[in-house]
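Let us go through this model by question and answer. Start with the whole chain, then move to the details.

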Amino acid sequence: MHRNLDVGQLRTLVTIMRTGGFRRAAQALSLTQPAVSQHIRRLESLLGGPVFASTGRRLELTSRGRELYHYACRLIALNDEATARITAERPIGVGIGVSPFLEEALPEFLAVLMNLMPWTRPTVHTGLSEPLAARVTAGELDIALVLRPPHEPGSRSVGSLSLAWYGSTPSPASRSVPIALCGEPCSLRRHVLAVLTAQDQPWHLAYEGPDLPGLRAAVAAGLGLTCLPAHSPDTRALPRLLPEALPPLPTPGPLPVSLTLAPTAGAPLAEAAFFAARHVLRPYLSTEPAPAPVCPPLLAAP
């Protein structure tokens, strides 16, 4: 006698783990909370035991629940890929947000993503990380590569971006260091200001603008110093300060990079986007070189 797994019930399990709770899963799936609980009870009936070891503030799977979760991710990915390929008469639109500080990696990111999911049609939006993350949460975008830790449920850490100081070395007689930054809301701005605030070296805001091109132009014109990604080709035209050039300025620590995912983003898109992000950003990351990510086999183009 065959025993069949229900993809809908498996999707509920995966959504619970990715959103962090039954209530959030119900909202993401447009189900009632009792319906979500009923899906889990049916899976437990199939397992012959509990799926969760704990359903309190921190969800924990039993050993058999973890094994089921592993298969659930694979089955959902295959189901979504098959239905997308078979039923789609036209490309499926995907809204993608990218921080301007990562724009240099955008062409390769899109190339890898389209190779994995050729039936999609991406629409790209660039902007500062905080507004992009808010648009993902609001459902206006499906995914976004942003310079911030993974705050939202289901978001994933890609790594940490190494930073360096750029600009013309101020006169040794200068008592206050001129700083150039993007305006709020900007994760990099807050990161830089937190580093400067921890030092005794006086500084002042010499330039504040709404976007990265203006910031780069201000730094190139000698208006002030700023922090930018250390290995970005976009910064090659800017003078980079050597560590010994200005001892009072602290070395900026790495800035987290994350892939923010909308609650409605399917497993195939989530896995393909994470693979593409890790693949193309490896040269930019400050931590020990990450192992080459494994291409999701169920998403590989034929």
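Q: What percentage of the residues of the chain count as buried?
A: This is a predicted model: local features need pLDDT of at least 70, side-chain atom pairs count only at pLDDT 80 or more, and totals for chains, interfaces and linings use all residues. Residues are numbered from 1 along each chain as its sequence is written, and side-chain values use heavy atoms, with hydrogens and water left out. Buried means under 20% relative accessible area, with a 1.4 Å probe and protein chains only. Of the 302 residues, the buried share is 47%.

Q: Is Thr19 buried or exposed?
A: Thr19 sits in helix α1, residues 7–19 (helices are DSSP runs of H or I, at least four residues, numbered from the N terminus). Its relative accessibility is 12%, so Thr19 counts as buried.

Q: Which backbone nitrogen does the side chain of Thr19 reach?
A: A polar atom of the Thr19 side chain lies 2.7 Å from the backbone oxygen of Thr15. The side chain also reaches a backbone nitrogen at 3.4 Å, that of Ala25.

Q: How is α2 oriented relative to α3?
A: Helix α2 (residues 22–29) and helix α3 (residues 33–47) pack at about 105 degrees, with axes 9 Å apart. Angles of 65 to 115 degrees count as roughly perpendicular. Therefore α2 is to α3 roughly perpendicular.

Q: Which residues in α3 do Phe22, Arg23 and Ala26 meet?
A: Phe22, Arg23 and Ala26 belong to α2. Contact means heavy atoms within 4.5 Å. Their partners in α3 are Gln33, Val36, Ser37 and Ile40.

Notes
Buried means under 20% relative accessible area, exposed over 50%, partly exposed in between (1.4 Å probe, protein chains only). Axes are lines fitted to C-alpha atoms, for helices over the stretch in contact, and angles run from 0 to 180 degrees between N-to-C directions. Helices (H or I, at least four residues) and strands (E, at least two) are DSSP runs, numbered from the N terminus. Angles under 35 degrees count as roughly parallel, over 145 as roughly antiparallel, 65 to 115 as roughly perpendicular and the rest as oblique. A polar contact is a pair of N or O atoms within 3.5 Å; within protein, one must be able to donate a hydrogen and the other to accept it, and residues adjacent in sequence count only if both atoms are side-chain atoms.
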